[in-house]
Structure formats: structure tokens, C-alpha cells
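Please look through the structure below with its helix packing and its salt bridges in mind. The paragraphs that follow lead through these topics in turn.

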Amino acid sequence: MFLSRSKIEELDDPLGYYEQKIVNQVKKSDPNLAKIILEKAIHTYKHDPRYQNNPRYLKLWLIYIFDLSQDKRIEMLELLINHRISHKLALLYEAVAHEQIKQNRLNDAHNSLLLGLKNNAIPTKRLRRTYEQFKSLNWIDFDQSEYTLLNYSDEYNNHALNDQHDDDDNNDDEHLLLYDTTNYFMDNNKSLQLQLNWLRTQLEHYARASILREIDYSGREISVEELRVKHNPAMRVKPAYRRHPLILTQKKLFNQPKPATQPKPMTQSNPITQFAQQITSPAYIFRLQPPSPSHEKPSSSGQQQKSLCKTPPVLEQEIPQTIAAEEELPLTDIKVVVLPHSPAFVQEQINKTSARQCSNYHVIKDTAFPIHRALSSWFIYDKKKNLWRPSAKKEKESFITLRNDHYLVLGQLGEGGMAQVYLVQHNQKFYALKVQQPPCPWEYYIHHQMRQRRVSGLCLLPIVQYYYYNDTSFLLMPYVRHGTLLEAYNQYTAIQKVMPEPIVLLFTGQFMQQVSLLHNINIAHNDLKLDNAMLITRKEGAMPTVVLIDFGYSVDVAIIKGSKCKATWPPACPQSGYPFLNTEYDPIYADYWEIAAGAHRLLFGEPMRTIQREGKFVIRQKIKRYWHADLWSSFFEFMLNPHEPSQDNTEELLSEFKKVSVPDQLVNECIQLVCR
């Protein structure tokens, strides 16, 4: 029986209704009607937050997409990522990479998998394994035949869930599995291995539920790391690593035989402990965590603590369990800091400094999901006009409340890979509200350190308020109405012009000056691009100046103390981005490279492409003779190639940039375009 639309929307899980209808039509051998219902389901709930990252919903999309012609599949899959549909699920990036590999687009497939890792797509361990498989074989294990209507119908019938559960507090059979196993095990056609795999899955679900109940019943705040250490004491950190918990040394990490271990019978421990041991056992990748003061005496088993991090770590192999607990790894070895830092490390740095005590730092022990859902539904992107406009759901006066502060939401200014920015009003003043999910307290820490170490000439946009919820952070900053360097560049291209070379010199000099001052206080931005450089004016009719923003990926060089870094996200631009971002690199040189890439875009109107000549990177484009050719040649040579500290001629370059005079006509034209 078909329900009316209003009745369907009253269901707790309306997608389940459509799933049942699809299966029924497949049973009746009516695939055409099944496809119609499938298409209606995926388009009806594409903006529903309940299914934004739901594996069942993604599976329906894949069935629909793999039924399309070959040339349309990648475009549809990329649309899902761009519209943040299932963008936190590893399966989506595996599907994109699979199609790109079939078309021999190996670089694109590599970048797609890296993008999934950057977005913390889950399950992270499987996506990391897929990425490693692709790096070694240029191929991934992905079975497209699973995503057909017939296969979906069979799987749905075999794994039908029993949604009617008794309340946990009154359930005398709480030790039983969460799902009805009777029908499954009565099917004699199922192999023993399939039944055991199914049983293992249900035990994992039960273990997760038990851990969640423990959190709820305890009535106190408890981190995932604490739970895992509690249920698996062997995770506690060895003394040898307490002296340098942040850095990972490479000595003895590779080519070590993994000792053979015998799996323990399931009856020897409860499901919670078994599940905790599975998710914390040594795997392909790990990251050392700073020790907690509450840790007990470390065990001598040699197993290392591994964290459930915001972004997956990158080292390709675990520390062998055969290393003795008393062995010391010398600090003279090459050290690599995996970025971004783990949540535990970030919190430790915030607690060490006075950042936590600042009056504008607010911790709210609650979810921000209703706020985030409302903001997401109030605006839609207009591709033709290239801007965000209010949706039908937005009222004339739409307010959100953060802690006890009320903000009038006026519009959406933009959206990046990790955050959305809204224009809000509070007490008759305009602000930019940056919404980050998951929360990013590291950006607040970097701002706090810049204020503490501040030097003359460094321009900063202050953080007015910072609201730290369990699942989202809100960063309130002054609204800058002149936009970014990228928007200034687009203003010129909109009138069929390129940015004049003297104006590019002026902005590049300011850009370089701000980054140099940042380096002087031991902070590397590590994510420089034209849209992370805002333009502000001190007074009406004045020439705009550059201010850096977006410090979520920044590096506190004072903490890593000369160690190399290794990022787990891909370059912002695969063509011109820093090529060593995902290997060991110095974040200072990454900043230099990105300054050159930004200047190249402003000068030539295209991404920077480089080649190597005599061991040095040079740009492919030829610098025009009527430009300041010698200055640009020195600039690109210095920015693109590492150098010894004694050869640092940043100040000399800056003085040359400052000597360049810009004609008043060009200045006035720039002011009219950028500041109108």
C-alpha cells in the first residue's frame, strides 16, 4: 500500500519506506517502476540531514549512478561530493576513484582518495588501505556489481532489521543481539563463513551500543581515548615515548616482521573489550598521543597508544611489537610530525596556555546539530549568479542562539571544504560567522599565540567570540566587505582585463610581508592561497591592504622544534600546489611556494606550472620584458627553492618590492573595482 507524502514524512525513517517499495517492485519483476521509486527517493532526501552521510542512502545513489552511461558517472559522483551528500563516507571516494581508474585518470583517482582522507571519510582504516593499494598497484578492490537492483533486493531480504526493540532499561534479554537472528540462521543455504561474519557484525554493533550506554549512565564527560584505554590496558604508552610524544621517528619502523598471534576465543572476554581491542590493535597507520596525567603505570607489552583522530595519520607501518619497552629511540633520527594534530594534542596545548581562560572562549557541552541543520537549509547556491541566496525555508528574520547570544543571520558568504561562513548581525554590528564541523579549536589556539607573540606590522582579524560545541565550532570575526585577493582578481577578469603588473607587485609585497612577520613569531600558515588573503581598508578611498585568515592548518614551529611535517590532505590546487605536502616537508618552504603560486595566478591568470632546471624549480611561463623582470626572476627563484637560513634574502626582496611605484591611475582603478 502506498502512503501519501504527508504520511511518509511523519515516519521516523521515511527512506526505509522507499527501500521496501523498491524491493517489492524487484520481486514483482518490475525494474522500471523500481527505478522510478529509487530516483524519487534519492532526490527527495538529498537535503535531509538525516541521510547526509547515511550508507543506505549512498547505496541507493550508487545503484542509480552505475545504471547511467559511462560518461555521466564521474560527473554525478563528483556532484555528490560538491553538494556534501555522503562526503564523509569512504565508499563515495572509492567509487569515484574506481571510475577514474577505468578511464586511466590515475592522478585524478589519487587525488580523489586523498580528498576522502582529508574529509575524514569513514571507515578511515579501509580508505587508508584502499589508498595504499592504489599507490602500489594503480588499482583498487571495488566490486561495481554489488550496486544493482537485483543484488540490493537480495541483500535487503537477507539483512532485514528488526526496528522494534524493547527499552534497554526494561529488557531482560539485554545480552542478546540487537537484530533478529532467527530468519538469518534458518537459511541453510548460507555458508558458515557468511553466518559467522554476520554474527561478528552484530557483536560490533552491540559493543558500540554498550559503550554509548556507559557514557550516558556515567553522567560525566569522557573521551573516546579514555574509554579505549579503560577497556584495553595494553594501549598505555611506553616510557620511551613520553619524552617526545608529538614526533614520530622513522628508525626501526619499517621492514620488521610482525609476530604471529593467535586469536583469542570470543568467550574469553566480553564484547565491549573485544571491540575495543579490534579498533585499537596495531594497523597500517597510527599516531602517538601526548600522555594523560591519569594514565597508570605503562605495560611492558610494547603496544602503543593509537588515537581516534580527526584526520587519519600517515605513517605507512606500525611500530613492531617486538621492540622492547626499554629501548630508547634517539632524537637524532629524522622526525616527522603528522598533520593535522590529533584532538588530544590540541586540547593539551590549549590547556597548557592561557587560551582556555580567555573570556571569548566558550565551551558548550551540547550538540549544535539543530543550529547547523537550520543554517544549511536557509541558503542555496545559485550557479548562474555565483552566489548564495536565501531558500524558501528562510524567514525574513532568522535567528540562531549560541550560548546566550542571539545572532540575526543575513546571508551566506561562502563555503569551503571544512567550513561555511555566514553574515550575521549582533548589537547593530555586522560579523562573519565561521561554522566548522567537526570543531577546530586549533585555529583559536593559533590566533591566541599570534596575539601573545605579536610583532609590529602583523595585521590580524580578531576573534570576537569562539563557541566550542561537542560537534561544531563557531568562530565570530569582524565582517570584511572588500573580499579576498581571489575576488579582486575576479573583479578584473569580469571586465575583460588582467590585474596590472604594478598592482600585482603591490599585493604580492604585502602578502609576503605578512607571511614573513608570521614566520618571525614561529608560525607557518601552511594553507596559503588567494582566498585566504583578505583585503581591508583603513579609511574610505584608501588602497586595500592584505590580511591573512584561516589558520586551521597552521603549524606552531616553536612546538615541533625543527621537525619535518607530513600533511594528510591534498594540495588545494593539484597543478600549482606545494608538491611535497604529502611527504616530509618544512612548512616554512610550503608557505614560500604558495606565495609564488598566488603571485603567478595574479600575473598570468592561470595556475603555476614548474619544471626543474639544473636542480632548481623554475616557472614554465616567460616573464614579459616590460615587467620588472629581474625582480620577478629573483622572487620565483627564491620562493620555489629551499635555501639555508644564511641565504634568506626575504628582507632584501621586500625592500625591492617596496621601491616599486604604482601609477595613481592604476591605484584609483583598483580602489573602484575592489572597494565598490
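**Helix packing and salt bridges**

Helix α18 passes helix α23 in a right-handed crossing, a crossing being right-handed if the near helix is turned clockwise from the far one by less than a right angle, and left-handed if anticlockwise. This is a predicted model, in which local features need pLDDT of at least 70 and side-chain atom pairs count only at pLDDT 80 or more, while totals for chains, interfaces and linings use all residues. Residues are numbered from 1 along each chain as its sequence is written, and side-chain values use heavy atoms, with hydrogens and water left out.

Helix α18 (residues 501-520) and helix α23 (residues 664-674) pack at an angle of about 70 degrees, their axes lying 10 Å apart. The two helices are therefore roughly perpendicular to each other, a term for angles of 65 to 115 degrees.

The whole structure holds 18 salt bridges, each defined as a side-chain nitrogen of Lys or Arg within 4 Å of a carboxyl oxygen of Asp or Glu. In one of them, Asp 556 meets Arg 453 at 2.8 Å, N to O. This pair links distant parts of the chain, 103 residues apart, with Asp 556 in strand β15 (residues 555-556) and Arg 453 in the loop between α16 (441-452) and β10 (465-468). Asp 556 is buried, with a relative accessible area of 1%, whereas Arg 453 is partly exposed at 22%; buried means under 20% relative accessible area, exposed over 50%, and partly exposed in between, with a 1.4 Å probe and protein chains only.

Terms used: Axes are lines fitted to C-alpha atoms, for helices over the stretch in contact, and angles run from 0 to 180 degrees between N-to-C directions. Helices (H or I, at least four residues) and strands (E, at least two) are DSSP runs, numbered from the N terminus. Angles under 35 degrees count as roughly parallel, over 145 as roughly antiparallel, 65 to 115 as roughly perpendicular and the rest as oblique.
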